[in-house]
Amino acid sequence: MLKDYHQEIDREGAMRARARTIVERGGVDATLDVDGGRGVIETTLSEGLVIGLLKQGVSRFFAIFGHGSTDLGNVLRVYAEEGAVSVVNCRNEVEMAHAATAFAWQTGETPAVVTSIGPGGLQAMAGSLAAASNGVGVYHIYGDETTRGEGYNMQQVPKREQGLFGRITALMGQSYTLHTPEALRECMRRGTNCVHQPYRPAPFFIMLPINTQPQMTTVNIGTLPGRLALPAVAPADDSAYDEAAALLARFDKIVLKVGGGARRHAAAVRALAEGCGAAVVLSPGSTGVIPDAHPQNMHVGGSKGSICGNFAMEEAELVVFIGSRGVCQADCSGIGYPNAKAVININGDIGDVTHYANTLPLPGDIGAVIKRLMPVLKPGKSSAAGEEWLRQCAAKKMEWASWKRERVEAAPVFDEVWRKPVLTQPAAIHAVAAFAKRIGAVKFFDAGDVQANGFQIVEDDRVGETFTEAGASYMGFAASALLGLAGVKDAPYGIAFSGDGSFMMNPQVLIDGVEHGLRGMIALFDNRRMAAITSLQLAQYGREFRTNDSVAVDYAAMAASVSGVKALFGGTSREELAAVLEEAYAHDGLSLIHIPVYAGSDPVAEMGAYGQWNVGNWVEDVQGRYLEQTI
């Protein structure tokens with residue numbers, strides 16, 4: 001044992017020296033002239049993996065350490081002490097998966113999630129759905145069962161088959177098991193090709209067996225892959241752009257349907273919209289790609305869209321999809337464009353760019369494609385019919401603005417549960433969203449009724465003002481997302497818009513937020529029910545069933561029990577809420593505001609739905625109409 005201890009001391013010294021060199025010389029590549037310039041080192045697989053991740057710019061780790069990651073945890077301890085990495089320890093695997101997703105989504109940097117297999121790995125894997133659905137690259141590293149087969153390892157799937165967690169993660173996305181330490185280079189190559197894929201990045205799962213982590217191996221740092229960087233590509237054949245320009249000249253009622261993949265190409269999207277006289281319809285994840293007040297911005301369209309957004313979709317003759325996956329709620333389960341005759345689709349993903357029928361696909365980088373398309377647009381394309389189309393859209397936008405104003409300015413309504421008048425969900429959300437806009441805060445939305453009303457209400461002028469987890473519809477995302485930038489220098493202030501049910505999915509952020517010095521706010525909208533599902537039940541069957549409860553919870557008292565959290569009751573009027581928002585924002589830490597909101601049949605209680613959805617007793621009608629679509 002004494003010999004092993006001294007060996008461990010020697011190994012830590014060498015590891016610490018390497019970490020210090022990486023920090024002092026500004027990165028892994030700058031260390032290649034060490035040891036005669038060969039870049040070949042003898043180290044453990046765990047340290048080799050950390051070096052490989054650092055070479056790709058991965059230096060932030062969200063971790064819940066267990067028996068499956070003690071060796072990796074020890075490497076991260078040394079590298080953190082030397083300032084080469086930062087490690088955010090968490091209390092729940094779903095929470096940390098969301099925090100990592102939010103960090104990557106906001107910063108463009110890639111983090112890693114660390115846990116063990118078993119319940120922890122399954123929870124982190126479930127949380128990875130948010131990253132996968134929204135096209136966000138994150139490394140997931142799970143301590144796996146040993147490779148020697150000496151008997152069941154605790155937390156493995158109790159079945160006599162090999163590598164079951166690697167197979168499970170391979171179903172979720174791309175996965176690699178480091179059964180052999182010398183395979184590190186190939187693992188990292190596949191990893192960067194996945195998490196840094198330019199059009200559809202996704203989580204990459206690394207299975208790290210317990211017994212291979214401390215195994216010594218030889219690593220050539222010079223051949224470990226860096227972060228994937230590919231040149232922007234676009235169709236090379238000029239005829240594709242000529243055909244697109246001809247379609248744009250042929251039709252007057254044109255809609256650009258902008259998906260989340262267009263978030264990095266706002267200027268190009270706006271130029272195309274203005275150049276071809278198109279109305280722009282957004283998805284929940286693309287608000288801000290075109291400014292809210294822009295006359296061609298028809299806001300969100302889909303099954304929970306806006307009056308103007310859905311009008312533009314329904315009347316469009318030509319639809320130009322940009323960075324869109326064609327999600328059921330975004331295109332009304334395929335029947336959102338009953339008058340469309342043709343499609344132009346701009347997307348780097350082959351499956352997405354060919355999703356619709358009668359499509360001219362323009363595969364590649366959105367910015368590069370639009371740059372090639374703009375010069376061939378027909379000059380003087382404006383026509384009386386095209387101008388009339390935009391006038392009709394503008395009239396619908398005014399109708400929507402009036403409808404929206406009536407709801408967000410609604411007076412408090414008497415609620416049977418609260419036994420007093422309280423704010424409606426739209427009014428309360430608008431009050432917090434307006435406050436966020438005034439102070440320049442980033443807004444995070446959970447799934448559910450808060451989200452559905454929220455993406456209809458927000459008035460974003462640029463990308464990055466709002467992050468809404470609409471891809472996987474993951475309850476618990478918003479509060480967890482606040483943790484993503486904890487400890488990051490000059491991080492923007494964040495506000496989580498969360499329903500009572502969503503908040504209870506991941507309340508651990510109250511503790512983790514304080515632990516890691518988070519400054520942000522949780523706006524908790526409490527209507528004591530799953531209001532989005534209640535509304536759906538009532539719309540389809542006229543009755544609600546098991547979507548509410550009778551248990552009152554004082555969320556302010558709950559939050560106040562955590563040392564360091566500023567917990568406040570939001571009041572029952574806009575004036576009271578406005579004062580409480582100021583008080584919460586003044587707190588140098590994490591705050592929570594418990595806001596009671598109305599739930600009931602009064603029409604001002606929600607923003608409404610203006611599209612179709614292939615669920616429940618609507619299925620037969622929607623599927624029948626789908627057969628009649630031309631795209």
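Is Y610 buried or exposed, and at what relative accessibility? Y610 counts as buried, at 19% relative accessibility. Buried means under 20% relative accessible area and exposed over 50%, with partly exposed in between (1.4 Å probe, protein chains only).

The model is predicted: local features need pLDDT of at least 70, side-chain atom pairs count only at pLDDT 80 or more, and totals for chains, interfaces and linings use all residues. Residues are numbered from 1 along each chain as its sequence is written, and side-chain values use heavy atoms, with hydrogens and water left out.

Aromatic pairs were considered next. Rings of Phe, Tyr and Trp (its six-membered ring) pair if their centres lie within 6.5 Å; planes under 30 degrees apart count as stacked, over 60 as edge-to-face and the rest as tilted. The count by this rule is 16 aromatic pairs. One of them joins W400 and Y610, with ring centres 5.9 Å apart and planes at 85 degrees, so this pair is edge-to-face. W400 lies in helix α13 (residues 384-408), and Y610 lies in the loop between β22 (590-596) and α22 (619-627), so the pair ties together parts 210 residues apart in sequence. Helices (H or I, at least four residues) and strands (E, at least two) are DSSP runs, numbered from the N terminus. W400 is buried, at a relative accessible area of 3%.

F435 and Y585 also form an edge-to-face pair, 5.9 Å centre to centre and with 85 degrees between the planes. F435 belongs to helix α14 (residues 425-439) and Y585 to helix α21 (residues 574-586), so parts 150 residues apart in sequence are tied together. F435 is buried at 4% relative accessibility. Y585 is partly exposed at 25%. The charged end of R519 sits over the ring of Y585, 4.8 Å from its centre. For this term, NZ of Lys or CZ of Arg must be within 6 Å of the ring centre and within 35 degrees of the ring normal. The charged end of R407 likewise sits over the ring of W403, 3.5 Å from the ring centre. One aromatic cluster consists of W105, F444, F467 and F477.

Two buried loop residues were then examined. H265 is placed in the loop between β9 (254-258) and α9 (266-276). Its relative accessibility is 9%, so H265 counts as buried. Beyond neighbours within four places in sequence, H265 is in contact (heavy atoms within 4.5 Å) with D365, I366 and G367. A polar atom of the H265 side chain lies 3.3 Å from the backbone nitrogen of G367.

S286 sits in the loop between β10 (279-282) and β11. S286 is buried, with a relative accessible area of 0%. Not counting residues up to four places away in sequence, S286 touches V258, G259, G260 and R263. The backbone oxygen of V258 lies 2.8 Å from a polar atom of the S286 side chain. The C-alpha atoms of S286 and F455 are separated by 9.8 Å, although the two residues are 169 residues apart along the chain.

Cavities were located on a 1 Å grid over the protein atoms alone, as sets of points where a 1.4 Å probe fits but cannot get out; lining residues have an atom within 4 Å of a point. The count is 2 cavities of 30 Å³ or more. The largest cavity has a volume of about 100 Å³, the volume being the space filled by probe spheres set on the points. Its lining has 14 residues, of which L282, T287, D292, H299 and V458 lie nearest the centre. β11 (297-300) and α15 (449-457) each supply at least two lining residues. β11 gives the most, with 3 residues.

Definitions and conventions
A polar contact is a pair of N or O atoms within 3.5 Å; within protein, one must be able to donate a hydrogen and the other to accept it, and residues adjacent in sequence count only if both atoms are side-chain atoms. On a 1 Å grid over the protein atoms alone, a cavity is a set of points where a 1.4 Å probe fits but cannot get out, and a pocket is an open set with protein on both sides within 12 Å along at least five of seven lines; lining residues have an atom within 4 Å of a point.
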